[in-house]
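Visitor: I am new to this structure and would like a short tour. Please show it to me.

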Amino acid sequence: MNNDSGIISFQHCNHKNIYCINIPTNCPICKKCLKYMQNIPVRVPYPFVRASQQSCSIIVKPTQGDFLNNYQLMDDLHIGVTSSRGTVVSYDWNGIIEDTDNWQECLVVFQLNDHFMEKYWDTVLTNIVKNECWNSSRNDVCLPYSVLLCSCCSILFTS
Ligand SMILES: [Zn+2]
């Protein structure tokens with residue numbers, strides 16, 4: 001399944017890059033008519049991925065909705081870590097969650113490139129998921145979640 005909706009980029013207003021799915025009649029910034037636009041619009045590579053296809057990665061998505069239809073600058077982002085099988089581990093108000101269904105259109109912040117470290121990555125992830133500190137009734141879970149991310153990042157810097 002391909003989610004690529006065809007993102008187009010064009011320049012207007014002193015070479016500002018404008019991204020859209022369909023070219024509007026008027027520039028969204030200066031409101032001038034784009035009928036005689038001098039720069040040719042180009043289609044940009046689709047930046048979003050399905051988490052289940054991104055092993056051993058740190059990924060982000062908007063907390064609500066998706067990047068193309070809902071996300072606004074300064075909206076909250078949700079961060080997840082994928083196992084070698086593409087299962088996403090993340091944390092929210094309900095505690096730690098393992099799933100892949102809600103991560104169909106996300107951005108990869110980091111992906112492990114060392115296949116020899118994948119087993120260690122999964123072990124760190126599994127141990128953290130099993131740890132009772134993830135109980136949603138606890139108020140001090142931010143620290144362990146930070147430890148999870150730091151553990152995964154330490155694999156990045158030592159590999
Ligand atoms: Zn303009």
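Visitor: Which residues have the most contacts inside the largest nonpolar core?
Guide: This is a predicted model in which local features need pLDDT of at least 70 and side-chain atom pairs count only at pLDDT 80 or more, while totals for chains, interfaces and linings use all residues. Residues are numbered from 1 along each chain as its sequence is written. A nonpolar core is a set of buried Ala, Val, Leu, Ile, Met, Phe, Trp, Tyr and Cys residues joined through C-beta atoms within 7 Å, and a residue is buried if 20 or more other C-beta atoms, placed from the backbone, lie within 10 Å of its own. The largest such core has 14 residues, and those with the most contacts inside it are A51, V89, W103 and L125.

Visitor: Which elements each supply at least two residues of this core?
Guide: Helices (H or I, at least four residues) and strands (E, at least two) are DSSP runs, numbered from the N terminus. By that numbering, the elements are β6 (88-92) and α1 (118-130).

Visitor: What is W103 in contact with, leaving aside its neighbours within four places in sequence?
Guide: Two residues are in contact if their C-beta atoms, placed from the backbone, lie within 7 Å. With those neighbours left aside, the partners of W103 are A51, I59, K61, G80 and V88.

Visitor: Which strands stand at the edges of the sheet of five strands?
Guide: Two strands pair if DSSP finds at least two bridges between them. The open sheet has the order β7-β6-β5-β4-β8, with antiparallel pairing. Each edge strand has a single partner, so one side of each is left without a neighbour in the sheet; these strands are β7 (95-99) and β8 (107-111).

Visitor: What is the order of the open sheet of three strands?
Guide: Strand β1 (residues 8-12) is joined to β2 by five bridges, and β1 pairs with β3 over two bridges. Both pairings are antiparallel. The order is therefore β2-β1-β3, with β2 and β3 (42-43) at the edges.

Visitor: How many residues of strand β2 are buried?
Guide: Strand β2 covers residues 16-20 and is hardly covered. Among its five residues, the count of buried ones is zero.

Visitor: Which residue in the turn between β1 and β2 has a positive phi?
Guide: The two strands form a hairpin with three residues between them. The positive phi, of about 50 degrees, belongs to C13.

Terms used
Buried ≥ 20, exposed ≤ 12 C-beta atoms within 10 Å, placed from the backbone.
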